[in-house]
Amino acid sequence: MTRPTRWTAAQVAGLAPDTSSLAAARRLARPGPWSDTGSTDTLLWGKCQGSGRTPYQVSIDLVGPAFRCTCPSRKFPCKHGLALLLLWVDGSGSVADADEAAGFAQEWAAERSARAEAKAAGEAARPTRTPDPAAAAKRLEDRLALMDGGMDDFARWLTDLARGGTAAARHQSYTWWDGTAARLVDAQLPGLADDVRSVGGAVSGRPDWAERLLVALGRWWTATRAWAARESLDAAQMGDLRAYLGWSTSTESVRRGDAITDHWLVLGAHRSDDGRLQQQRTWLRGSVTAETVQVLDFAAGGQVLPVARAVGSTLVATIARYPGAAVRRALFVDEPAPAGDPARMPSGSTLEHAQLAAAQAWGANPWARRVPVVLADVRVGIDRVVDAEGASVPLTDDALVWPLLALTGGRPSRVFGELEESRLRPLTVVVDGEVVGL
């Protein structure tokens with residue numbers, strides 16, 4: 001097997017759980033505290049001397065990526081895992097290629113493999129429960145009735161809002177918006193409820209609140225009309241509507257459906273946390289299909305999100321796509337493998353062409369929250385990016401402006417990001433040919 005190209009320091013930085021962990025890792029990324037280091041095509045390992053007598057054992061699965069360290073840190077990955085990656089990336093010989101992994105790394109890899117096999121065997125051996133068609137039909141009937149009532153109530157609320165005027169909505173307390181969202185949750189419409197809460201916060205706190213509210217009103221009314229006419233929707237349209245309303249599709253049915261195998265470039269990733277739920281979006285682009293999809297991971301309560309895929313890396317994988325017309329969501333059918341040759345970031349387009357493509361995507365799926373775009377030769381400002389033709393787009397409030405400014409230094413650069421309504425959230429920038437995640 002051809003050994004995969006070693007990662008870049010920027011890709012390692014993208015895996016750090018916070019800036020303090022990355023800073024500590026950089027201080028440890030030197031040969032001094034390390035011993036018994038090495039790497040194969042899939043594993044990386046080493047021992048790092050800490051404050052105790054026994055050095056910490058660090059093992060990294062480069063495919064996942066997945067990490068194990070014997071240190072007591074609760075951060076994931078910890079500073080030792082990040083430091084070992086940085087040392088490996090440096091390529092100065094401190095972490096040499098090996099034909100066989102160290103014993104402790106082999107044991108950990110074998111344990112992971114055994115757990116995966118046991119899980120697969122358990123799922124295969126699990127007795128198949130024959131569903132009761134009558135009971136399933138009754139549950140579906142009850143849910144649809146509940147959703148019908150919720151959508152009818154929401155349509156009346158929208159009508160009252162329009163009659164009262166958007167200016168009056170501006171003076172409503174957040175409790176007014178939250179109460180509507182709570183009723184939608186009770187009607188099993190959690191996705192729509194989240195959108196209402198988000199817009200309610202924007203109306204009271206953003207200078208462009210009127211534009212944001214008008215766009216949302218159109219999106220909401222379209223959803224109520226589409227739901228009322230759902231019998232006439234095709235599978236893709238219904239898939240997009242279900243995703244927006246929060247009516248989930250089982251992963252088992254997705255895995256059995258629309259699957260494709262390709263070399264997938266990790267274009268970028270973004271994490272968010274609304275206090276109730278953490279979300280991680282990973283954008284992938286197929287080298288053969290030229291299709292861009294998003295993989296979503298969620299974590300609630302004390303759960304931890306999986307380690308992000310390294311931005312700029314290429315994975316050989318089979319993915320299955322959820323039903324939908326535009327901005328497709330996907331999941332990995334099986335664990336991806338690293339590709340030997342990295343894929344290239346798309347060349348990008350002007351802002352006008354990107355916005356035209358986004359408009360087409362929103363025309364096919366009016367409920368898409370965001371559309372992925374690659375922009376060529378844009379200059380980054382404090383609050384917006386400007387392309388070579390002078391067109392500009394403002395940045396989202398959570399855009400990482402200062403790291404982006406530091407990386408580009410005012411030079412025209414290729415940027416991958418998410419168009420979210422009329423704003424851009426940059427996620428990745430190409431600097432001197434290197435793909436850097438933000």
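Six strands make up an open sheet, in the order S13-S12-S11-S14-S15-S16, with antiparallel pairing (strands are DSSP runs of E, at least two residues, and helices are runs of H or I, at least four, numbered from the N terminus; two strands pair if DSSP finds at least two bridges between them). The model is a predicted one, where local features need pLDDT of at least 70, side-chain atom pairs count only at pLDDT 80 or more, and totals for chains, interfaces and linings use all residues. Residues are numbered from 1 along each chain as its sequence is written, and side-chain values use heavy atoms, leaving out hydrogens and water.

At the edges sit S13 (392–394) and S16 (434–437), each pairing on one side only. Further in, S11 and S14 run antiparallel and are joined by 6 bridges, with Val-374 standing opposite Phe-416 in S14.

Helix H13 packs on this sheet, touching S11, S14, S15 and S16 (contact means heavy atoms within 4.5 Å). Val-401, Leu-404, Leu-405 and Thr-408 of H13 (residues 401–408) are buried (under 20% relative accessible area; exposed is over 50%, partly exposed in between, with a 1.4 Å probe and protein chains only). Seen down the helix axis, these buried residues fall within an arc of 100°, so they line one face of H13 (the arc is that of the directions from the axis to the C-beta atoms). Trp-402 and Ala-406 are exposed on the face turned away from the buried side.

Asn-365 is buried, at 5% relative accessible area, and touches Asp-240 and Ala-326, not counting residues up to four places away in sequence.

Methods. Axes fitted to C-alpha atoms, helices over the stretch in contact; angles between N-to-C directions.
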